[in-house]
Amino acid sequence: MTRFVVKLGTSVLTAGTDRLHRPYFVELARQIARLKADGHEVVLVSSGAVAAGKERLGVAPRQRSNIPLKQVFAAVGQSRLMHLYEQIFELYGLQVAQALLTRDDLRDRRRYLNARNTLTLCLAQGIVPIINENDAVATAEIRVGDNDNLSALVAGLIDADLLLILTDIAGLYSADPRSDPTAELLREVPVIDERIWAMAGGSGTHRGTGGMQTKIQAADLATRSGVAVVIAAGHEPDVIARVANGERIGTFFPAATTHPDARQRWILAETVRHSRIVVDEGAATALTRQGKSLLAAGIREVSGEFDRGQTVRIFDPAGREIARGLTQYRSNDVRMIAGLRSHQIVSVLGYDYGPEVVHRDDMVVLAGS
């Protein structure tokens with residue numbers, strides 16, 4: 001048995017039109033029924049609520065909308081989207097369940113475990129969970145922001161074997177194929193490094209919020225969580241079934257590690273993408289080889305904005321990411337105490353949360369130094 005998370009973008013669900021494409025939902029249900037008949041488990045992370053709301057209210061898809069108005073579209077469209085899933089999946093004997101999540105549901109340890117228990121119990125009962133961000137109530141502070149990254153968080157949450165991100169492009173290319181005819185499709189990406197990040201562009205279409213950059217972010221998070229990833233074209237014939245059978249379609253990202261334990265998955269789930277703490281060689285060795293905590297004295301550079309309790313990325317002097325962990329201090333605080341001895345922290349900040357910037361128990365080591 002294999003456990004799949006399938007992420008469906010708005011451009012896929014609308015087949016490139018301005019309406020939800022009903023024939024695609026039928027084809028989707030057929031493929032998932034086939035997987036389940038073969039003994040596999042499937043979770044869907046579905047976009048399309050805003051598009052469904054605009055369709056229902058007769059709003060032009062290209063019309064610009066502020067956040068409150070998008071939340072209205074999502075509130076109207078979410079029930080419409082789920083009704084469509086329920087009707088069509090029932091034709092194939094499939095029972096669906098809706099789960100709406102925000103970043104806070106995955107940030108809080110108890111709510112994280114509750115979400116995990118609910119989804120795994122649904123799968124045990126043969127139900128297909130359909131997940132979306134709770135756009136109708138989410139604020140900027142608690143949003144995941146896009147369903148690509150949400151799908152990666154869900155894949156780590158439930159110990160999935162594979163995350164399949166279906167989009168309107170065949171995979172990751174060496175350049176933008178829409179403007180560069182020499183662009184080549186990358187069949188496999190063993191490591192997501194700066195070269196791969198440079199290949200990712202911005203948002204793809206007016207219908208969705210994600211572009212290739214968010215898909216690479218999702219692949220990075222999922223592979224760090226022990227989940228393999230495939231980015232492929234959603235309208236490739238039988239794409240879900242073929243990927244499940246091991247056929248190489250689109251771009252494949254192998255898992256960078258085995259499944260981490262539950263607490264490590266939770267730590268990885270809260271990573272601030274643009275956070276960067278660079279440590280000196282001594283601190284890098286202490287973290288990766290000696291199992292030590294990160295102290296202020298070993299920090300040489302801090303970039304990005306993050307709050308206390310969020311997961312930050314830690315790099316060695318050569319620019320290799322060596323660890324991620326929950327920070328005890330805000331980004332501005334870390335900048336002020338970088339390079340200081342622990343006993344100096346309170347005199348600089350006026351307070352302290354302990355000598356460790358990142359405690360060893362709150363850290364996931366990614367590479368040796």
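How many bridges join strand β12 to strand β13, and do they run parallel or antiparallel? The count is 4, and the two strands run antiparallel. Keep in mind that this is a predicted model, where local features need pLDDT of at least 70, side-chain atom pairs count only at pLDDT 80 or more, and totals for chains, interfaces and linings use all residues. Residues are numbered from 1 along each chain as its sequence is written, and side-chain values use heavy atoms, leaving out hydrogens and water.

**The sheet**

- β12 covers residues 321-327 and β13 covers residues 356-365; strands here are DSSP runs (E, at least two residues), helices are runs of H or I with at least four residues, and both are numbered from the N terminus.
- Thr-327 has Val-358 of β13 as its bridge partner.
- These strands belong to an open sheet of 6 strands with mixed pairing, in the order β9-β13-β12-β11-β8-β10; two strands pair if DSSP finds at least two bridges between them.
- At the edges you'll find β9 (294-295) and β10 (299-303), each with a single partner strand, so one side of each has no neighbour in the sheet.

**The annotated PUA domain**

- An unreviewed UniProt entry puts "domain: PUA" on residues 275-358; such annotations may be inferred rather than shown by experiment, feature names are shortened, and positions follow the numbering used here.
- That span, residues 275-358, is 25% helix and 31% strand, with its end C-alpha atoms 13 Å apart.

**Ser-47 and the annotated binding site**

- The unreviewed UniProt entry also has a "binding site" annotation, covering Ser-47, Asp-135 and Asn-147.
- Ser-47 sits in the loop between β2 (41-46) and α3 (49-57).
- Ser-47 is buried, at 9% relative accessible area (buried means under 20%, exposed over 50%, partly exposed in between, with a 1.4 Å probe and protein chains only).
- Setting aside neighbours within four places in sequence, the contacts of Ser-47 include Lys-7, Thr-10, Leu-81 and Asn-147, where contact means heavy atoms within 4.5 Å.

**The cavity**

- There is 1 cavity of 30 Å³ or more: on a 1 Å grid over the protein atoms alone, a cavity is a set of points where a 1.4 Å probe fits but cannot get out, and lining residues have an atom within 4 Å of a point.
- The largest cavity holds about 30 Å³, a volume being the space filled by probe spheres set on the points, which are joined across faces, edges and corners.
- Its lining includes Tyr-112, Leu-153, Ser-225 and Arg-265.
- α7 (147-157) and α11 (262-269) are the elements that give two or more residues to that lining, and α7 gives the most, with 4 residues.

Definitions and conventions: On a 1 Å grid over the protein atoms alone, a cavity is a set of points where a 1.4 Å probe fits but cannot get out, and a pocket is an open set with protein on both sides within 12 Å along at least five of seven lines; lining residues have an atom within 4 Å of a point.
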